[in-house]
Amino acid sequence: MKFLSTRLAALKQAAMARLGRRLPGSQRAPDGLERVVWRKLPGIALMGTLVVALYPLQLRVLPPELPADQLAKMIQSADILAIAAVVLHWTAVFTVGIACLIVRIMKGPAYVADSYPVQDRDRPAP
């Protein structure tokens with residue numbers, strides 16, 4: 001197991017070396033609320049999906065005393081509403097996840113890329 005973690009650390013270091021060099025003196029900021037939210041996102045996604053799915057499921061298991069055509073229309077409407085709510089919920093969870101990822105990247109150490117000479121810059125007179 002130690003070999004695997006050592007190998008993963010070496011691969012990460014090699015990837016970062018290709019992307020840029022660490023800026024001297026830069027430090028990584030401590031984790032904050034974004035880490036707590038990031039860890040809760042899978043549970044939030046699952047619970048939100050289950051809560052939304054309860055109403056269409058309840059209509060199928062314990063149907064109300066209605067004629068067959070009205071019951072079918074009610075179930076179809078519940079299904080459409082549930083699908084829309086689940087898509088909205090997943091989109092919100094995904095958006096919050098992206099925000100957490102951006103904050104985690106921003107709190108990481110600073111990197112500097114290789115510089116290159118700019119040909120069209122204004123040069124001051126001597």
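## Exposure and the model

Buried means under 20% relative accessible area, exposed means over 50%, and partly exposed lies in between (1.4 Å probe, protein chains only). L54 counts as exposed because its relative accessibility is 52%. This is a predicted model, in which local features need pLDDT of at least 70 and side-chain atom pairs count only at pLDDT 80 or more, while totals for chains, interfaces and linings use all residues. Residues are numbered from 1 along each chain as its sequence is written, and side-chain values use heavy atoms, with hydrogens and water left out.

## Overall architecture

The protein has three helices and two strands. From the N terminus, the order of elements is α-β-α-α-β. Helices (H or I, at least four residues) and strands (E, at least two) are DSSP runs, numbered from the N terminus.

Of the 126 residues in the protein, 14% are buried. The protein exposes about 10600 Å², and carbon and sulfur atoms supply 69% of that area. Accessible areas come from the Shrake-Rupley method with a 1.4 Å probe; for residues, only the protein chains shown count as cover. Contact means heavy atoms within 4.5 Å. Among contacts between residues at least 6 apart in sequence, 80% join residues at least 24 apart.

## Helix α2

Helix α2 covers residues 33–61 and contains L54. The expected span of a helix is 1.5 Å times one less than its number of residues.

The buried residues of α2 are E34, L41, A45, G48, T49, P56 and L59. They pack against α3, residues 68–106.

## Helix α3

The 39 residues of α3 should span 57 Å at 1.5 Å a residue; the end C-alpha atoms are 57 Å apart, which agrees. Buried here are L71, I75, A78, A82, V86, V93, G97 and C100. The cover over these buried residues includes α2.

L101 also belongs to α3. Its relative accessibility is 41%, so L101 counts as partly exposed. L101 and E34 are 67 residues apart in sequence, yet their C-alpha atoms are 8.0 Å apart in space.

## Salt bridges

Side chains of opposite charge can pair when their charged atoms come close. A salt bridge is a side-chain nitrogen of Lys or Arg within 4 Å of a carboxyl oxygen of Asp or Glu. The whole structure holds three salt bridges.

K107 pairs with E34, with 3.2 Å between the closest N and O atoms. This pair links distant parts of the chain: K107 sits in the loop between α3 and β2 (111–112), E34 in helix α2, 73 residues apart. E34 is buried because its relative accessible area is 8%. K107 has 23%, so K107 is partly exposed.

R60 and D79 meet through their side chains at 2.5 Å, N to O. This pair also links distant parts of the chain: R60 is in helix α2 and D79 in helix α3, 19 residues apart. R60 is partly exposed, with a relative accessible area of 44%. D79 is partly exposed too, at 23%.

D31 bridges to R28, the closest N and O atoms being 4.0 Å apart. D31 is partly exposed at 43%. R28 is partly exposed at 46%.

## Loop and surface

P30 lies in the loop between β1 (21–22) and α2. Its relative accessible area is 64%, so P30 is exposed. P30 and G108 are 78 residues apart in sequence and 8.9 Å apart in space, C-alpha to C-alpha.

L54, L57, V61 and L62 make a nonpolar surface patch of about 420 Å². Patches are made of residues with over 30% relative accessible area and no salt bridge: like charges are joined within 9 Å, and nonpolar side chains (Val, Leu, Ile, Met, Phe, Trp, Tyr) within 5 Å.
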